[in-house]
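I opened my notebook to look up a few places in one model. Here is the structure I worked from.

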Amino acid sequence: MGSRTLTGPQLFLLGGSFLITLGSFAVLPYMSVLLHDRFGLGLGVVGAVLAVASLVQFSGGVVGAALAARIGLRATMLVALAVRTAGFAAFVPGLTRPVVAVTALFLVSCGAALYLPANKAYLVAGCGPERRPGLLAASGSAFNAGIALGPPAAAPFVLTSPAGLFTGVAVLFALVGAGHVLLPSVADESVGVKDTTVEDKTVEDKTVEDRTGEAAGVAAGSGLPPFAFTVLAVYVFMFFQHYLALYAVPRTSTAFYGAVLMGYAILLVVAQPLLARRLAALPYATALRLGFGAMAAGTSVLALGGRAGIAVGAVLLCLGEIVLFLKNDLEALARSAAPSATVFGRQRLAAGLGAFAAAVVGGQLYGVAERAAAVPVFWLVVSAQAVVLPALLVVWARGSARRRAGDGPVAAHRPR
């Protein structure tokens, strides 16, 4: 998508997305290390803190969508950025007080929850289905460009001069928030377009045999809601997000870990816009198989350890993220006539459920693997889940669809 197709506010939002993620990922990827090493919190406690913070950050998107419906998209983004600025500023006194640091983390998470649904809704406001893949991919690229630069830029300071780092990030967020004041107000109209209106009408007249055939389509994954697969995709991905630092830093270095995240984000920045239209045209079931397959392969390779295993595993997980995260959002928008902020809020809720479960389960699993001196097994367990859980969901959906189809004749011959 060339810049000539973007409005001034859209360009500003894309630039702001880069700066926001740059500041956030200068801090957040190192939170497990800071909480565990600097404050001496046990891995179980660290997992619980990250679980709650992730749940707030993602599932709070529903609150963000409701706030946007009440006060507007621009006002919601301003409130969110004010909260995040306060959170990063609070990390400075939190360096000597763990309770304050945890509170600061929750403030940052609350700000993200409020901001992202309004941001995406503002970006696609007034755009038809044909433009949404490109815009959402550009948004993802802007966020991931910040992810690429944030960790390596902060690596020399996060453990040696964290107070200066947190202060700088707070100032950056304050400046970005001030820029949002200049954005024009826009309405969050219903952008979800049901492309199957005629088909839905036809379904009412279909025979039982036709409905049974539809059950096979559901079994392939095409009829399952994006919400459910978003939960699973984020669940698998957040093991990588939360625990790669604990795994990679002791085996390599902080600099290498930062470089891996930078390379990961660069691949997202380049590949996601290039693949956006193809992913939009890809059958949903095929996208699910490709995405979860890549995540399963990536986490298996991480178990090999070493620089090569960590780097290749990260690349495979990146490909899985490109496919699943973008396709789930596009599918959710296409299936809903609700305002876009509401759709994105629901998707954030799904992501929150997945992230919460990953943090809770991951903290316990990683602790067990570490005590058993078998940390690579942790990644093999994650890989197995990436294969088994989506398959179980499809099996459950197949059974549900067949039961519904099987109830058809009985319902049809009941006396009225």
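My entries follow, grouped by place.

**Ground rules.** I am reading a predicted model, where local features need pLDDT of at least 70, side-chain atom pairs count only at pLDDT 80 or more, and totals for chains, interfaces and linings use all residues. Residues are numbered from 1 along each chain as its sequence is written, and side-chain values use heavy atoms, with hydrogens and water left out.

**Helix α6.** I looked up α6, residues 98-124. Helices here are DSSP runs (H or I, at least four residues), numbered from the N terminus. α6 has 27 residues and reaches 40 Å from first C-alpha to last. That is close to the expected 39 Å (1.5 Å times one less than the number of residues). I found a kink of about 25° at Tyr115, shortly before Pro117. The bend is the angle between axes fitted to the seven residues ending there and the seven starting there. In α6, 19 of 27 residues are buried (under 20% relative accessible area; exposed is over 50%, partly exposed in between; 1.4 Å probe, protein chains only). Just after α6, I noted Gly126 with a positive phi of about 80°.

**Ala69.** Ala69 sits in helix α4, residues 61-71. Is Ala69 buried or exposed? Ala69 counts as exposed because its relative accessibility is 70%. I also checked Ala187: Ala69 and Ala187 are 118 residues apart in sequence and 9.2 Å apart in space, C-alpha to C-alpha.

**Phe356.** I found Phe356 in helix α15. Phe356 has 31% relative accessibility, so it counts as partly exposed.

Definitions and conventions:
Helix = DSSP H or I, 4+ residues; strand = E, 2+ residues; numbered from the N terminus.
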